[in-house]
Amino acid sequence: MLTNNKNTLVRWILSGILVVFASPFFFTTAEAADCSDAFYIDETLPNGARWDMCWESRNREGITFSAVYFTPKNGVRRMVLNHAAVAQIHVPYDDNGTRFHDVSDLGIGGLNMLDLDPDECPGGTMLLLTDAQFTNKKVMCKQIEKRNVGFKSGNNTEAAYSFSLFSVSPVGAYYYIPTWRFMDDGSIEPWMGATGALQRFGTDQSQGWLLGDDRVGVSHLHNFFWKLDFDINNSHLDDVVEEVNFPLVNGKRQRSITAFNSEAARKVNPDTMRHWRIRDKTAKNSNNHSISYDIVLNETGHQDIGPASEPFTHNDFYVTRQNNNEKFASHNTSGGANLAEFVNGESLQNNDLVVWAGVTFYHMPRSEDAPHMDAHWSHMQIIARDLSASNSLGNQTSNSAPTIVTPSKQNSDRNTSPRLTIQANDSDGDYLLYSATGLPNGLNIDTSTGQISGTVTNIGDYQVVVSVSDGEDSSTTSFSWKVTESTDTGSSGGGGSFPIEWLVLLSLFTIIRKRLYSTQS
Amino acid sequence: MLAANTSQARPNNATCPSGNTISETFSSGAEWDMCWEVRDEEGVVLSDVHYKAAGKPRRRVLGEASLSQIYTEYDDGSASQFLVTDFGLGGSRLQTLNADMCEGGQLRSDDGRNVLCEITSANGYIYRYRDNERRQGSKLELFSASNINFREFIIRWSFLENGTIEAGVGLSGKFTKTTSDSSAGWTVTAQNKIATSFTDHYFWRLDFDIASDNGNDIVEQIMSVPSSDRLTKTRQSQTISTELSASFDPDGKKFWRILDQSETNTSNQAISYEMVLLNYAQQNKGNSSYPWLKSDVFITQYNACERFAVRNPASACGENVSEFVNGENTNATDIVVWYRLAHHTLPRDEDFSPAPVQWSNFILLPRDWTSSNTL
């Protein structure tokens, strides 16, 4: 353990030095990273992927992260996010009885963040907060998560790992569980769980649901917002944000990529399967492809365009220029009042960019929500694109081609049903597909098993070419297959009545043929 | 009532072949049980799925559930494919699983091969409330995998302790298709080949059979319609009495629940399951003008020969789900819900090769199954 801590410290010092040298402007951004050991997370997952970052606790946003770095297994350590935080939980009720702005107005940090009990963090470790307010408060649970099948191609499979960090914040009757999941491929998933109990009850069933206890739970929305200050590869002035659409043009999808030159507010569009991408203008992976992140907002099925007085709900995705005063998606106290005002035409070119993204959960209460309510979860995806040059999770560095065994020369009688299974092997364990050409009429190959079967119908000499592919590489071989007139002239047709003398003669014939054939070749 | 007389229902007395039952009892006393089988086309099919809430009666949720078609469209317009009927998720394409893939779980065999992983695992908080009132929960997970032309589809069902069902497809394997059209793919690997981007439309077939009588289910459509100033919403619930095709409607928050006509919870509320359909951003309506791509949800009366959402072969039936919606009664009958979930893949360097799994999930949630939270 001591060694690990030392390593951590050394790594931290080194990374600090690297940061200073790599980016002279780094500390000029407002939310620059500078954290002590107690606020430093350095996690190398069992498969070698590594994340490191600083965290802090704020009264409003709760736990926030800064200087978030990802290092692929055997890869280069690069900054992804300079800063990441929950930016709002906006909860308007269907009866308009209240419209909460939980993060800005009430706060999910400070006294509104729980001191967790160890049983709430099974298999994980607790991160302790000591500051002016608290001493060794167990505010955050870190858990390593394993998924048995991280990728799979037949038996070519590896587990995938991530680690999650969560805290729990009661706000009124609600208990929010902001969770950040850091994946081994460099992707990040911010999640939000909402549990506790229903906050409001009414009398009008048309604005809620009659519960088993005869109360009417009022229906409501949770608009969750995250603020993501990307500084890919440290340099905070050379990121670009693009919108990617796949419009349908004459029966084909024609991908279009449009860079935002000035601040923008945008919505998802299922018809064009829109997503957004943050790309570093200079950094490339070893394939010479720009390293970037996709922002995918799949969980927009409950998307809600609110009233004119809440213009920050009118879009799903915003990109703005970094401004220290812009903290909350709504009810922002200094600077603009909300996201719609943050987007005010400022140029994004060669500036520090901030992405704001939101998803919505519409909650119509049900009887199961009382006396306490099971968690419902929402999330968005921040997916690494071309950060690594290849899948870095497995042990193999390149694909191995499958090998194929050349079958011996085949002989069949017409109207018989021979079976031959092509033998192939793949050292990666990949799923293999077989194909064959030149088979005697009536025979087919099972593309999954490599078994050739059927009933031969035409006499002749056939040259068969069989191939096996693992999807990337293939092997091919050939052999001959001779179909002769049936030697069984009897009427039974069954193998049982086949005279033994004929079999002996036939096998002798085959041996002679084989010798002839091998001397020829 | 001619419609009622002619209505069909899944046989209510289906028996599960021995060795094919799956059941899990959680520490709270909540239970799930079901039957599984393998078909050449759909692969693993679940049937007679029952949930027993803690301390409450065991009741059926689903009569049968399957992935009834995967329709793949390539962005470059090259030939699309119907994977379930053209290739099949079962047969030799259904993958043999090994112990590593099912660590902590139990492999189940079909026809001598281990093809299904059954695994029970911790699932974090069920709820957290004040005064340290809290509970951690578990889930039962089942998955199989099918490889079609090097792409691998992991079909997973999760049955949570609190009655929630999560189902989804995880896409992995190898994306082998390349194109010369740079706007229809993404440049990947050191060779700078253009991997073709594509959309998979997953069509789920969910034959709800709520409680003991499978012929008396009712579909309710629930909307919350915003006022003109968008400050309030008004709930509008209506029974769907004839077959329906419908699309996502975020503005109206439209969803459906399937309820039993007679059985209730202890507060005399109809017991039901609702569909929580959140995946919306890629829910495109296809590259072609096929009617079965134009809607997201289809609600039909059970018909034994309506098996595949598209390329349904039976001559007595429609060819696809848009034809299954032909005016039949859906009020107090055996209800089948067809749900189309679209997932677009733009390959990236990290996908080569094989590609890390990308999941496309949906949720079925009990609504008034019990009169209060039982955990």
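Mentor: The term pLDDT denotes the predictor's confidence in each residue, on a scale from 0 to 100. The model before us is a predicted one, and residues 508–521 of chain A keep a pLDDT under 50. For that stretch the model has three contacts beyond four places in sequence.

Trainee: How do you know what the pLDDT of chain A averages, and what share of the residues scores at least 70?

Mentor: The average for chain A is 89, and 87% of the residues score at least 70. Residues 490–501 of chain A, by contrast, have a pLDDT below 50, with five contacts beyond near neighbours in sequence.

Trainee: What makes residues of chain A and chain B count as being in contact, and how many are there on each side?

Mentor: Two residues are in contact if their C-beta atoms, placed from the backbone, lie within 7 Å. By that criterion, 85 residues of chain A are in contact with 83 residues of chain B. Strands of chain A that each supply at least two residues to this side include β8 (156–166), β10 (174–183) and β25 (373–379). The largest share, six residues, comes from β7(A).

Trainee: Which residues of the side of chain A that touches chain B are nonpolar, polar or charged, by count?

Mentor: That side divides into 28 nonpolar, 35 polar and 22 charged residues.

Trainee: What makes strand β3 of chain A largely enclosed by the rest of the structure?

Mentor: A residue is called buried if 20 or more other C-beta atoms lie within 10 Å of its own. Nine of the ten residues of β3 (residues 62–71) of chain A are buried, and therefore the strand is largely enclosed by the rest of the structure. For chain A as a whole, 47% of the 521 residues count as buried.

Trainee: How do you know that strand β2 of chain A and β3(A) pair, and in which sense?

Mentor: Pairing requires at least two bridges between the strands. β2 (residues 50–58) and β3(A) have eight bridges, and they pair in the antiparallel sense. One of the bridges sets E56(A) against T64(A) in β3(A), and a hairpin of three residues joins the two strands.

Trainee: Which residues is V337(B) in contact with, leaving aside its neighbours within four places in sequence?

Mentor: They are L206(B), F208(B), I258(B), M275(B), V297(B) and I299(B).

Trainee: How do you know how far apart domain 1 and domain 2 of chain A lie?

Mentor: Their C-alpha centres lie 54 Å apart. Domain 1 spans 38–385 and domain 2 spans 403–486. Four residues of domain 1 of chain A are in contact with four residues of domain 2 of chain A. On the domain 1 side there are four polar residues, no nonpolar and no charged.

Methods: Residues are numbered from 1 along each chain as its sequence is written. Chains are lettered from A and ligands numbered from 1 in the order in which they are written. This is a predicted model: local features need pLDDT of at least 70, side-chain atom pairs count only at pLDDT 80 or more; totals for chains, interfaces and linings use all residues. Helices (H or I, at least four residues) and strands (E, at least two) are DSSP runs, numbered from the N terminus. Ala, Val, Leu, Ile, Met, Phe, Trp, Tyr, Cys and Pro count as nonpolar, Asp, Glu, Lys and Arg as charged, and the others, Gly among them, as polar. A residue is buried if 20 or more other C-beta atoms lie within 10 Å of its own, exposed if 12 or fewer, and partly exposed in between; C-beta atoms are placed from the backbone. Domain bounds come from an automatic or database domain assignment.
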